[in-house]
Amino acid sequence: MGDERVLVLDVDETLLNIERLSFLKIFKKEYKTYDGKLIFDKYYLSPRPKVKEFIEEAKKHFKLVAFSVVKREITKEKLKAIGVLDSFSKIYGKEDLQNGKKSLKKVVNDLGISNIIGIDDIPESFLEQEKIIKIKPWFIGDDKNDSALLTIFRNLEFNTIKNLS
């Protein structure tokens with residue numbers, strides 16, 4: 001268990017984007033050309049491009065944890081909708097925030113694994129910003145070939161291998 005590593009992933013604008021249909025129509029976003037689906041009756045949810053490929057690779061090397069600022073059950077529904085819920089060992093939500101922020105310390109305490117890093121489009125949403133890799137947020141209407149998650153993962157992989165030698 002000493003060599004286990006945890007990767008904490010933000011959900012909204014990091015793994016997926018969810019927008020009100022009315023917003024997408026007003027701003028003439030071509031949402032129907034994006035992989036996605038209607039959820040909660042009035043929202044369109046789309047996974048970030050290559051998210052499944054990223055999750056499949058990342059879970060070979062890390063225990064995956066999702067952390068969102070919205071309620072845990074809603075976060076679970078979003079992850080289920082894009083087909084990745086079962087890849088996560090733990091899901092944290094609004095109920096788990098500490099003073100309004102996400103906490104890696106809470107994850108460490110719950111899982112008993114201290115080798116931890118996170119990816120978020122807003123690192124400031126964590127108490128431990130120094131352990132969070134910033135990713136450009138992704139929205140419906142953005143690049144359909146976005147590969148930011150895979151680029152970050154390759155850098156993580158390279159640094160891990162480099163540190164072991």
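Reader: Where is the place of Asp-12?

Author: Asp-12 sits in the loop between strand 1 and strand 2 (16-20); strands here are DSSP runs of E with at least two residues, and helices are runs of H or I with at least four, numbered from the N terminus. This is a predicted model, where local features need pLDDT of at least 70, side-chain atom pairs count only at pLDDT 80 or more, and totals for chains, interfaces and linings use all residues. Residues are numbered from 1 along each chain as its sequence is written, and side-chain values use heavy atoms, leaving out hydrogens and water.

Reader: Why is Asp-12 called buried?

Author: Its relative accessible area is 13%. Buried means under 20%, exposed over 50%, and partly exposed in between (1.4 Å probe, protein chains only), so Asp-12 counts as buried.

Reader: What makes a polar contact between the side chains of Asp-12 and Lys-78?

Author: The two side chains come to 2.8 Å. A polar contact is a pair of N or O atoms within 3.5 Å; within protein, one must be able to donate a hydrogen and the other to accept it, and residues adjacent in sequence count only if both atoms are side-chain atoms. The Asp-12 and Lys-78 pair therefore gets the label.

Reader: How do you know that strand 1 and strand 5 pair?

Author: Pairing takes at least two DSSP bridges between two strands. Strand 1 (residues 6-10) and strand 5 have five, in the parallel sense, so they pair. In one of these strands, strand 5, Phe-67 is the bridge partner of Asp-10.

Reader: How many residues of strand 5 are buried?

Author: Four of the five residues in strand 5 (residues 63-67) are buried.
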